[in-house]
Amino acid sequence: MPAPGASLELVGEKVNLLVDAIEELRKLGLKEIDTELPELVLVGDQSAGKSSLMGAIAEINLPKDSGMCTRCPANIKTSPAESWSCTVSLHEYYRYTQGPRREATANNPFPPWIENSTINIKQFKTISNKAELENILRWAQIALLNPSRDYRAFIPGTGAIVQSGLGQDHKHEADYSPNIVAIEIFGPRLPALSFYDLPGVFNSSANREERYLVKVFENMVKKYIRHEKALIICAMTMATDPANSRTFSLITDMKADKRTIGVLTMPDLLQTGSTHTDFDKLLRNQTYILPRGYFVTKQPGPKFNLRQNSDYHVQAREEEAIFFRTDARWREDGEWQAFNHRCGTKAIQEYLSQEFARLIVGSMGSIEEKIKNRVRDVDNQLGQLPDLPDNDNVQHIVRQSLQEFSTSVRSMLGGGSMSLHHPFLSNWSRLSNDFAEALHQMKPMFVYQDASDFTPQEVISLDDSDTESRASSTLSSFSKKHGAPLGFATPPSKFARTTNGPSPSNNSSLTPASQQINHIPGSQHIARPKNESIFETPTTRRIAQPRKSKVTPFSDFLAYGKRFKTIGQIRDIISRHKRPGHPDNVPEAAREELCMEATQMWKHPLDKLVLITFAHLREAVVSILQRPEALGKYRQTDLFRESKKNILDFLDILCAEQTMNLNQIYTLETYSLFTLNNEVFSRYKAEELTILQQARRKHRVKCHIEKNAKALNKTLTEKDREVQMKHVTDDQLGPDPFALEIDTAAYVRGYYKTAANRFADNLCQNIQGILFRKIQEQIPQYLETVLGLNSRECEMRCRMLMIEDHGEASARAALQEEKTKLTQAAARLEQLVEEFAFEPEPEDIVMENDVVPEEPFRRSLSILQPRCETAPPEDV
């Protein structure tokens, strides 16, 4: 017998041209004309042999494992060609949401899927070996059921998931998908057809979680049946009573029976009795009437044994022909021999190919009219939108505005003419000076009294202008146990800190941007330890206050150096690092520990400097952007909106990089003691040593006088004390037991001041030499690049940026895109008419009124001759 599809050569290339044209129109995704595009739709109940029928018509093997073929619609397009090839793609009309599974409704027919505004086509794979197709289709459908994953991971041969395989406990994200696996097949003797194969309809599900699918699949079938230009193929099994077909009921309920072709499957499983009688009446158009009648096909069953070196579909067609030629009911002397011309896959292929061609020809007039009407509507809507800027210099205007902006920013940061009009650089210079001054005012303060001095301690703040006269205290008696004196300091790292930020008054000199910074990490006050008093006998004292200074953003950090260490704590640190047998020696490790702890106080002022600098910088750049000569007069356009967004993103990136640079400088300063500036260090140490020694001597003189008065049991007046203090000599006082500790404190403060100068210089130089320089170097071309002005479409891009209403711009772009597609559709339709060299007549197709419109059919399809007799037989 001839190979499958051989008789379809009668149809020739004309039908193929029609099918190709319709599929090209469909891929344009124009909803306005989709309703006019003819289509063939295969429907049926589950287990009605529907997918086997589809595979037979297209001569392919569809995946049958795990019910996969019932979870997604498939579109199979076949075309005749010299060699076999196949392209599989995914057509996404819907997007998946993570909502709960719920009952389908009229407004939400496919939960949890939501329809897209446009079709998204993803090319899956192209093959030339038919044996690979079944596996390709299996993975394509798995890709649709896992929409959050990259579909490329499911492509056999290259996909990562395919190579690793699915675990036994793998569960797909979706139970089904309304999106389509599109299969375009080219091969010898294939019919020119395009089918939709839908999931089978069923009445109930044993799985409670999937019961909602009953309604979902019913909605899917209704969606395709409802299409008036759809030719429906209803598969019904002869293994059960035809009354059980839920799909047939849907077709008749929707009054689509005149557009339906019945295909009976599994004739070898027909039972005798009432079922046989029902099908006899059905074939004779007495019950379950379909004006287009029924075809009958027998596909291979589970016992099918493929012969070695035999083609599956060749052998299947041979065995099908043998069945209808030898079965008692269908053979020449059988009761149903009158229907033999409608038996077999070949008869179905021939009928569908010609009917589909006829349907396309009859729809061409309405498609053309629909395109014309929609073009008219699109033109009217475009006419109601304001025109794009028609100024021939629009690109020049855009570029000139951006150039003015970048030039002004560069001038502001470089100290040019713009800096005279914008206070940023002068404000930042003042901020830098305040920062450097704050570091000096934060220098570590040492408590120079000790319990062994036998006098109450006092805490004073000593800076460069401190003199002996500034140290004062209220004296009281010590405990006889000589415990630690009241107010001995605790290292800053052990202090409990409050979370109060800077007060509004402290920011009074800042610009609005800096005033919005109410708190940064570390802007806290140091609280005294709760267990500060450890005397048995209470004492009173007065803490000397730091000199009054101007209020700056760093005022809250000025007290960080107070109570840094006591001379007793310095002695403990020296003792901890001292090597045995090294008297009167201060180990370098002890000095480094104290110096590094002092520099760690700089982190919070650094954070404040960074925040205010970046806030001022953003504020200054945006203020320039808003100037009329820059982009200020285009505030309502995308040019201004996109420029502002992109320039702030640009600054954020640079500021983040700069923050890393500044933190590295801080890390370096707190890592190890180091300086080569010996001369400055020595001068600072000498100055600090004089201040500390004077304060220490004054304290020791007071203690000496008090001890003498106590020994003589004499009460001194303030005047007596002042007189005696002038006459106490160094010989009377003797050597200071804490001379080494005082010298160490002077060393720490000398290094602190040396390093603070270096730290402030390095930070501010880094900001100016890196951050400001990068902005000056990169900003001239930055906006032109990110706005797409360096592309070939720069003129149109400039015009789009100058549109004042973003919604109007989006609407115009959408309408222009639709008009382009409509123009393509009209051109494709015109090409099709020229290829056929005739004018289609809409009246040639009357699907609802004529059962078999013989004359119009011949007139429209004279080019398709010879045609196959397809009219249903009269009752026998």
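This is a predicted model: local features need pLDDT of at least 70, side-chain atom pairs count only at pLDDT 80 or more; totals for chains, interfaces and linings use all residues.

Mentor: Residues are numbered from 1 along each chain as its sequence is written, and side-chain values use heavy atoms, with hydrogens and water left out.

Trainee: How many helices and strands are there in the protein chain?

Mentor: Helices (H or I, at least four residues) and strands (E, at least two) are taken as DSSP runs, numbered from the N terminus. By that rule the protein chain has 25 helices and eleven strands.

Trainee: What percentage of the residues in the protein chain is buried?

Mentor: Buried means under 20% relative accessible area, exposed means over 50%, and partly exposed lies in between, with a 1.4 Å probe and protein chains only. Among the 876 residues of the protein chain, the buried share is 51%.

Trainee: Which residues touch the most other members of the largest nonpolar core?

Mentor: A nonpolar core is a set of buried Ala, Val, Leu, Ile, Met, Phe, Trp, Tyr and Cys residues joined through side-chain atoms within 4.5 Å. The largest one has 87 residues, and helix H22 (residues 739-786) gives the most to it, with 20 residues. The members touching the most others are Phe405 and Ile775.

Trainee: Which residues does Phe405 touch, not counting those up to four places away in sequence?

Mentor: Contact means heavy atoms within 4.5 Å. With residues up to four places away in sequence set aside, the partners of Phe405 are Val621, Ile624, Leu625, Ala630, Ile647, Ile779 and Leu783.

Trainee: How do helix H17 and H22 lie relative to each other?

Mentor: Axes are lines fitted to C-alpha atoms, for helices over the stretch in contact, and angles run from 0 to 180 degrees between N-to-C directions. Helix H17 (residues 603-625) packs with H22 at an angle of about 25 degrees, and their axes are 13 Å apart. Angles under 35 degrees count as roughly parallel, over 145 as roughly antiparallel, 65 to 115 as roughly perpendicular and the rest as oblique. H17 and H22 are therefore roughly parallel.

Trainee: Which residues of H17 and H22 make the contact, and how many of them are nonpolar?

Mentor: H17 contributes Leu606, Leu609, Thr613, Phe614 and Leu617, and H22 contributes Phe759, Leu763, Ile767, Leu771 and Ile775. Ala, Val, Leu, Ile, Met, Phe, Trp, Tyr, Cys and Pro count as nonpolar, Asp, Glu, Lys and Arg as charged, and the others, Gly among them, as polar. On that basis there are no charged residues, one polar and, as nonpolar, nine.

Trainee: How is helix H19 oriented to H22?

Mentor: The axes of helix H19 (residues 678-711) and H22 come within 7 Å and cross at roughly 140 degrees. This angle makes H19, relative to H22, oblique.

Trainee: How many charged residues are in the contact of H19 with H22?

Mentor: The H19 side includes Lys685, Glu687, Glu688 and Arg696, while the H22 side includes Asp743, Arg749 and Lys753. The contact also holds ten nonpolar and four polar residues, and the charged ones number seven.

Trainee: How do H3 and H10 lie relative to each other?

Mentor: Helix H3 (residues 50-58) and helix H10 (residues 345-384) have axes 10 Å apart and an angle of about 75 degrees. Leu53, Ala56 and Ile57 in H3 meet Thr345, Ile348, Gln349 and Leu352 in H10. The arrangement of H3 and H10 is therefore roughly perpendicular.

Trainee: Is Ser47 buried or exposed?

Mentor: Ser47 lies in the loop between strand E1 (39-44) and H3, and its phi is near 65 degrees, a positive value in a residue other than glycine. With a relative accessible area of 66%, Ser47 is exposed.

Trainee: Which residue does a cis peptide bond join to Pro111?

Mentor: Most residues other than glycine have a negative phi, and most peptide bonds are trans. Here omega is about 0 degrees.
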